[in-house]
Amino acid sequence: MAYVLRFVQRFRAADEAAFMALEAQFAALERRKGWPKGRRSRPFAGREPVHTLVWEAELPTLAAVNGAAVTPSTRYGVV
């Protein structure tokens, strides 16, 4: 059974460009640092407002979810 780790992030609609640029930096960190590779999606209809970004990753075990949820600064020495 797979476990899903999901983060729902809301941002100010007026700051969308800056938020998405920052999110692109996080995507690059995922690739470089070996962090869990997540899927990003944005709703265009439904319960979440359009100024929302959903990041989620499927992990094989609950222990992997707990390990992935540790902040990068404590787990990877990133400042």
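This is a predicted model: local features need pLDDT of at least 70, side-chain atom pairs count only at pLDDT 80 or more; totals for chains, interfaces and linings use all residues.

Tutor: Read from the N terminus, the order of the elements is β-α-β-β-α-α. Of the 79 residues, 25% count as buried. Among contacts with a separation of 6 or more, 55% are between residues 24 or more positions apart.

The sheet comes next. The three strands form an open sheet with antiparallel pairing, in the order β1-β3-β2. From one strand to the next, the twist averages 20 degrees. The antiparallel pair β1 and β3 is joined by eight bridges. In general, the strands of a sheet pair through backbone hydrogen bonds, in either a parallel or an antiparallel manner.

Trp-55 counts as buried because its relative accessibility is 8%, and the cut-off for a buried residue is under 20%. Setting aside residues up to four places away in sequence, Trp-55 touches Leu-5, Arg-6, Phe-7 and Gln-9, together with Glu-30, Pro-36, Lys-37, Gly-38, Arg-39 and Arg-40. One of these neighbours, Glu-30, also makes a polar contact with Trp-55, side chain to side chain, at 2.7 Å. Ser-41 is 14 residues from Trp-55 along the chain, and the C-alpha atoms of the two are separated by 6.7 Å.

Trp-55 is also a member of the largest nonpolar core. This core has six residues in all: Leu-5, Trp-55, Ala-57, Leu-59, Val-65 and Ala-68. Two elements give two or more residues to the core, namely β3 (52–59) and α2 (62–68). The largest share, three residues, comes from β3.

Side chains of opposite charge can pair when their charged atoms come close. The count of salt bridges comes to eight. In one of them, the side chains of Arg-6 and Glu-56 meet with an N to O distance of 2.6 Å. Arg-6 lies in strand β1 (residues 3–10) and Glu-56 in strand β3, so this pair ties together parts that are 50 residues apart in sequence. Glu-56 counts as buried because its relative accessibility is 17%.

Glu-56 has a salt bridge with Arg-39 as well, in which the closest N and O atoms are 3.2 Å apart. Here the link runs between Glu-56 in strand β3 and Arg-39 in strand β2 (residues 39–41), distant parts of the chain that are 17 residues apart. Arg-39 counts as partly exposed because its relative accessibility is 42%. Arg-39 also forms a salt bridge with Glu-58, the closest N and O atoms being 4.0 Å apart. Because Glu-58 is in strand β3 and Arg-39 in strand β2, this pair ties together parts that are 19 residues apart in sequence. Taken together, Arg-6, Arg-39, Glu-56 and Glu-58 are linked in a network of salt bridges.

Glu-23 counts as buried because its relative accessible area is 7%. Apart from residues up to four places away in sequence, Glu-23 touches Gln-9, Arg-40 and Leu-53. Gln-9 and Arg-40 are also among the contacts of Trp-55.

How values were computed
Residues are numbered from 1 along each chain as its sequence is written. Side-chain values use heavy atoms; hydrogens and water are left out. A nonpolar core is a set of buried Ala, Val, Leu, Ile, Met, Phe, Trp, Tyr and Cys residues joined through side-chain atoms within 4.5 Å. Buried means under 20% relative accessible area, exposed over 50%, partly exposed in between (1.4 Å probe, protein chains only). Helices (H or I, at least four residues) and strands (E, at least two) are DSSP runs, numbered from the N terminus. Contact means heavy atoms within 4.5 Å. A polar contact is a pair of N or O atoms within 3.5 Å; within protein, one must be able to donate a hydrogen and the other to accept it, and residues adjacent in sequence count only if both atoms are side-chain atoms. Two strands pair if DSSP finds at least two bridges between them. Axes are lines fitted to C-alpha atoms, for helices over the stretch in contact, and angles run from 0 to 180 degrees between N-to-C directions.
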